[in-house]
Amino acid sequence: MKYSTYIFLVLIAFFQVSCFEVIEEVKIHQDGSGTFKYTVNFSQSAAKIKSLLLMDEVEGYKVPTEHKMVSEFHDICNLTKSIEGISNVTRLTDFENYIFIYGCDFKKVENLNTIIDSLSKKTESVDYLKTDYFSYSKETKIFRRVGDDIFKEAYDKLSESKKAIFTGAQYTSVYRFESEVDRVSEENAIVSVNKKAVLHKLELVLLAKKGSAINKQIYLK
Amino acid sequence: MKLIFSILLLTASAFTVNSQSLISKFNNDASLLLSVNGGSLFENIGVTEVENSLLFKELSHEMFRRKPMANPTQFSDLGINVQEQFYFGIENAEDIIYYMFTYKISDITKFETFVKTGDATEENFTIVNGLNILSYSSDSKLVWNNEYALFITSTYVGEEYSYSYYDSYYDYSDSYYYDSYSEDAVETVAVEVVEMKCEEGKCESGEGAVEEIDYTQQEKERQEKYKKEQERREKERQLKEEKREKEREEKRLKKEQFIESHMMERITNFFSGNNDDKVEITGFENDAVVSLWYRNVNLMNLNPYSYGYYGMLGSGAYFGLGHYFSGDYYGNLFFKEDQVSLESKISYSDELKESLKKIYSTKLNKNFLKYMSGDVLGYSSVSFSTEDMITETEKISQDFFEHSDEEFSAEISAYIDLMSVIIDEEAIGDLVTGDALFMLNDFAYQTVEYTSYEYDENFNSTRVKKTKQELLPEFTIMIGSKNERIITKLFKLAVKRNLLSVKNSYFIIKDKYNDFPFEMYLAYKDEILFLSNSTQQMAIVNAGKADVKLSSEHKKMIKKNISASYLNMNLMAEKVLMDADINKDLRVLYEIKDDLRSFYATSKFNKGTLESSMVMPIPDGETSSAIYLLNMIDTVIAHETKH
């Protein structure tokens, strides 16, 4: 995901971070609208982050201050507020536990793609391909999640020691629906007991190397 | 007989002139000089050994990869005499700074082949007065005769030929964006229309009617005038830009001429005979491998924030006082049989010597030693008199500003007088004596809490607290303080305000005020304030002494010096390697930890000079410290290459 580059940039500064998790949660209502929540949790590495934040620079990378991180996060949120279909943008920055959460409501899940494209326009200097990361068809009742390899390029350029940042890091996606789930194309994804949610856990290393590891289609009844 | 003697004398003189030391070629306006003594280095390690090392191969590859020839595999391929001295110096002449690197040539044919291949062309290579000159750019040249070479580069620091991009920017934008005429034009047009309308007898009341009818015409006229004005401004801007370009080009050419002429003058000077204005270097040791001299180390600027606002605190805000607090630095690096050592000295001005003698007259409170365990990983101690530090700083500053003719000297002098009345030096000296010690006690696994998310059967998430074991350093900071009364009051106040909680005979900083991921403890005993995250250390404080006594060697080192530092590198490496999450780069420690020993550093003030020493002993069985160091560097390079 393109906006993962933001997380990536922060991670480079925190290169000694040994463990963290990213959680993507999407809830879709019958009419196609819904809520989105994106959580990045560095709590397991809070001790190391605290010591890193005392430094100006780590291995050539400037360590961002807390103020800078808040400011950047604030800018991202503000950018998304003006996107059509997006409303109720919320953010949480917890510098006690180093947990950062972005949330919003959408009229249709494709609005999330516009968020990603807007962020990419702001940061990427090369041409990018518009990708439908999220899509949902009310008619066919199929929800699609697609990944790409934009993260891979940056990851491949890292030295071995910096790639180690991602060892042990988890990417969890949770999708919730009002209808029951019939089936999921991804065999490692789990359907909840009430059949209204799907959970899929991935090693972030795998996702960094191959964006399509997150691909799945969820068929609703 | 006399004739023979004279001939011999002349020959000897000629020989002396030709093999003159290169150091004498540097002028007295030098601010830095670095010497690498090839002779000393290769006494400790063979030339072949260095040539066969990975370090040599890496450096050869990195430095000469752009050359269209095979990378040198031997020093002799370069035609340079590595058994002699190499010098690097910085000279601060008027309006120009020179950076110079010079060395002796062993084989002129090989040397010329090497430097010219791929770099020399008809345009950039010339021979002037017997000197070969290869110009890499307008301010960078390699010059040589049959005996030695000089690489010289320079930076223009004068004002006359400098170009100010700042001024240029504001001048440029000034004419570009300013556009105040259009309002006048609208106003003029509006007035005309109103008058016209009224004369024709069709004047209607209210400005609204006029605007409604004439708005389009107004707008059209306004746009035409705007267009004409913009064209006029564009032309003006172009002319200004052309003029600026011309000025810039003229300045650039003059600057280049200035640099060229000054560099040639300096080069001629360098390659001529005796230098009457040579820099006097007294502190380079003959058997040192590397020596460094730095003029006027500004002691006030020895902080990392030497730019921007903080830089002003070190220089501008003190109105030149920084130069007062400065000294000449000499450092010599030795590869001795059983250790690598760096010996350095800073010599102070006479005005400072007496003051510094008082400031550094104290020794560390011996109570500190009671609380140091003999199995500590490392420590760093310092001792000076806070009271004398404040008093002497006031005295020196006062003396300086009373004799200074800087703009605000009188005001600052008065301010210092007032402050010296308000500040109670003795009381401050009592509260913070100037004794301090940092100890790295150990690395230990500590239970650390963190937040995570758990999911129920329907994947609803809840935040949960989990724990894990993490390898963290245990450390202690000890600060000397004689004012038990104030310290005790502050502790009581902190407990009252819930900043601290009491545990046994010490205090714990409350989580809310503790940024560290572990508990921090505070205690006061024997005129020492303790801050630590080690429960073992607090037990030592409680008991009044350590179980494992500190060795007499360490005690002596700490007691006899202003500052003393020690690190057991072998033990430290073993501790760090215990970490399962260890950074990949640190895994090289697996391969070198058995070769690591300890590191010691001390400083003392002796007869007006601050003398410092850093020592790294080598393992028993190693024949040479130079070989030991080279082998370790090669191990690291091999590890990096493999991974």
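Helices (H or I, at least four residues) and strands (E, at least two) are DSSP runs, numbered from the N terminus. By that rule B:S154 lies in strand 7 of chain B, which spans residues 148-156. The model is predicted, so local features need pLDDT of at least 70 and side-chain atom pairs count only at pLDDT 80 or more, while totals for chains, interfaces and linings use all residues. Residues are numbered from 1 along each chain as its sequence is written, chains are lettered from A and ligands numbered from 1 in the order in which they are written, and side-chain values use heavy atoms, with hydrogens and water left out.

Chain A has seven helices and 13 strands. Of its 221 residues, 55% count as buried, where buried means under 20% relative accessible area, exposed means over 50%, and partly exposed lies in between (1.4 Å probe, protein chains only). Chain A exposes about 10,200 Å², and carbon and sulfur atoms supply 50% of that area. Accessible areas come from the Shrake-Rupley method with a 1.4 Å probe; for residues, only the protein chains shown count as cover. A contact means heavy atoms within 4.5 Å. Among contacts in chain A between residues at least 6 apart in sequence, 65% join residues at least 24 apart.

Chain B contains 21 helices and 20 strands. It has 643 residues, of which 41% count as buried. For contacts in chain B with a separation of 6 or more, residues 24 or more positions apart account for 69%.

The next topic is the nonpolar cores. A nonpolar core is a set of buried Ala, Val, Leu, Ile, Met, Phe, Trp, Tyr and Cys residues joined through side-chain atoms within 4.5 Å. The largest one has 54 residues, and A:Y102 and A:F134 touch the most other members. A second, separate core has 29 residues, including B:F26, B:A30, B:Y156 and B:I259. In soluble globular proteins, nonpolar side chains tend to be buried together.

B:I259 from that second core is also one of the residues that B:S154 touches. Leaving out residues up to four places away in sequence, B:S154 touches B:I96, B:I97, B:Y98, B:Y99, B:D139, B:I259 and B:M263. B:S154 has a relative accessible area of 5%, so it is buried.

B:L134 is in strand 5 of chain B, residues 131-137. Its relative accessible area is 0%, and B:L134 is therefore buried. Apart from neighbours within four places in sequence, B:L134 is in contact with B:V115, B:D119, B:A120, B:N124, B:F125, B:S140, B:K141, B:L142 and B:W144. B:E122 is 12 residues from B:L134 along the chain, and their C-alpha atoms are separated by 9.9 Å.

B:L342 lies in strand 10, residues 339-348, and counts as partly exposed because its relative accessibility is 26%. Between the C-alpha atoms of B:L342 and B:S291 there are 9.3 Å, although the two are 51 residues apart along the chain. B:L342 touches B:G331, B:N332, B:L333, B:S612, B:S613 and B:M614, again not counting residues up to four places away in sequence. B:V576 lies in helix 19, residues 569-576; at 16% relative accessibility, B:V576 counts as buried. B:V576 and B:A444 are 132 residues apart in sequence and 9.7 Å apart in space, C-alpha to C-alpha.

Two loop residues can be taken together. B:F459 has phi near 65 degrees, a positive value in a residue other than glycine. B:F459 sits in the loop between strand 12 (435-455) and strand 13 (461-480) of chain B, and is buried because its relative accessible area is 8%. B:D526, also not a glycine, has a positive phi near 50 degrees. The loop that holds B:D526 runs between strand 16 (521-525) and strand 17 (528-532) of chain B, and at 29% relative accessibility B:D526 counts as partly exposed.

Finally, a pair of helices. The axes of helix 4 (residues 54-64) and helix 21 (residues 625-642) of chain B come within 8 Å and cross at roughly 60 degrees. The contact is made by B:L54, B:L55 and B:E58 of helix 4 and by B:L630, B:I633, B:D634, B:I637 and B:A638 of helix 21.

Note on methods
Axes fitted to C-alpha atoms, helices over the stretch in contact; angles between N-to-C directions.
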